[in-house]
Amino acid sequence: MTSVLNHLQRLNGNKLLIFCLIISGISSCASKKISSSSNVEVVAIDTKRTETSTTSGSTKNRYEDSVSKKPVVFDLDNNSIQNNTSNYNPSTYTEPAKILNTDPNRVHNIAVILPFYLDQIPLGQYADDTTKQLGTDSKNAMEFYLGCQMAREKFESKQLKTNVYFLDDRNDSLTTTSLFNMKPFPNVDYIVGPLYFKNLKLASDLAKNNQIPLISPLANSMYINNNPYYFNASASLKSQYTYILETVKSKYPKKTLEVLFDAQDSTAESIDILKSLAGNYGYGEIKYTPLKLSEDVAAALRQSDTTSERVVLIYSSKDTYIKSIIAKLKPIKNHLQIFTSSCAKNIKALTDTKNPHTVYSVYPFNTDNPNYSVFAAKYEDKYKKKPSEYSNQGYDIMLYLFYLLDKNQHLQDNIFNYTADFYNTQSRFRIKPVLNKNGNVDYYDNTFLYLYKYVNGTFIIATP
């Protein structure tokens, strides 16, 4: 497999430097070779504090995550790229055209859109007096990039030819829009990104207009409409609540599900969404109880039978609401099986050790597996820091895409193929369409989830 990343060159004398290729404003045609006239930039990141000698013999400290920008020349063989789009009719089109690798010399293009903020990085070659600390968005973008880089190094294929373009969107709407008018667009097979919610709808609309499948790595939306080019890489709230309904029905088939939600919060998810899911799924008896945080929750839910087990769903994706309701449920004498969205997974000190109830959360990621241990060891050895969720997801998604392209498969064809995500560190992919009332695809969701149980101050994998 050939890749843009193969052409990056390391700066001499510093093994700790990590490189990120940013393609911007390339003006040559897609069918021509891109040469030294291309506007190409490299971000070098020092990931560990080190001492460097100066000409006078003194030493200077380099600080963690210091950065610099240096132009570099490379060649990219971009031959045989075709525009894989067909005539688009919004009223009849229901799914993305399938990418078929009928030409053995076919070169696939993947565009990765991340908030690097290159304009905030000092110009010129690395020098201690021009360093600055990376912002959180830049750090996350670099973590994701490094995961992609390790996926390229991991994947092996004798026939796949792939170019991976990393584009800086600065988490800005105008910049995001401009990227779709630059190289490598429109000759792109997949878009990965953006990283956050801010420009997710904008990017997904632009991807739809250009008829390019877009995979959202970590931010996921259940409010995308009529866009069969949009894919959530992690389960949306619709899939999370569907999974909870299925789990509760399987574990407690004769129990009434008690749903608690804040009907006064105009920014919360509409309870009609859950009611629709329950109706479509054919779930049994559900009792809906609106509760504000200011209410006496225990009094509102008190019943004469204090011995039978009860099943509760806190319908919210707000950590403050979830944590407060769980605390206010503590005085209830019945043993409660409490289910929550993925938001609860990362709430610190979710409940105290004396809380008598059991709390579950659903979550799309799991790093308790041998693959993660191997990946984490290699990552830390190479970059002198531990991998984050961003680097894990960059690795998993890119490895998954390489496999699909190599096997001439498409995202919506590859429903939970164990072969495709065999080496993944945290994610499994079970891509399914989310349909609207008319039976058309609103978007595609990765519906795979894990059930977590809160035990001794942390969540552990539970049996569904």
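Which residue in strand 10 does Ser216 stand opposite? In this predicted model, local features require pLDDT of at least 70 and side-chain atom pairs count only at pLDDT 80 or more, whereas totals for chains, interfaces and linings use all residues. Residues are numbered from 1 along each chain as its sequence is written, and side-chain values use heavy atoms, with hydrogens and water left out.

Ser216 stands opposite Asn232 in strand 10. Ser216 itself belongs to strand 9 (residues 214–216); strands (E, at least two residues) and helices (H or I, at least four) are DSSP runs numbered from the N terminus. Strand 9 pairs with strand 10 (residues 230–232) in the parallel sense over three bridges, pairing being assigned if DSSP finds at least two bridges between two strands. Helix 3 (residues 200–209) packs on the sheet and touches strand 8, strand 9 and strand 10, its direction making about 160° with that of strand 9. Such angles run from 0 to 180 degrees between N-to-C directions, with axes fitted to C-alpha atoms, for helices over the stretch in contact.

Ser216 is buried, with a relative accessible area of 0%; buried denotes under 20% relative accessible area, exposed over 50% and partly exposed the range in between (1.4 Å probe, protein chains only). Apart from neighbours within four places in sequence, Ser216 contacts Gly193, Pro194, Leu200, Tyr230, Phe231, Asn232 and Ala233, contact meaning heavy atoms within 4.5 Å.

The open sheet comprises seven strands in the order 7-6-8-9-10-17-16, with mixed pairing. Strand 7 (161–168) and strand 16 (431–435) are the edge strands, each pairing on one side only. The twist averages 25° from one strand to the next. Helix 1 (residues 136–154) lies across strand 6 (107–114), strand 7 and strand 8 (190–192), running at about 160° to strand 6.

Helix 4 (residues 237–251) has 15 residues and spans 21 Å from its first C-alpha to its last, close to the expected 21 Å, which is 1.5 Å times one less than the number of residues. Buried residues in helix 4 include Leu237, Tyr241, Ile244, Leu245 and Val248. The axes of helix 4 and helix 5 (residues 271–281) come within 10 Å and cross at roughly 50°. Helix 4 is therefore oblique to helix 5, as angles under 35 degrees count as roughly parallel, over 145 as roughly antiparallel, 65 to 115 as roughly perpendicular and the rest as oblique. At this crossing, Lys238, Tyr241, Thr242, Leu245, Glu246 and Lys249 of helix 4 meet Ile273, Leu274, Leu277, Ala278 and Tyr281 of helix 5.
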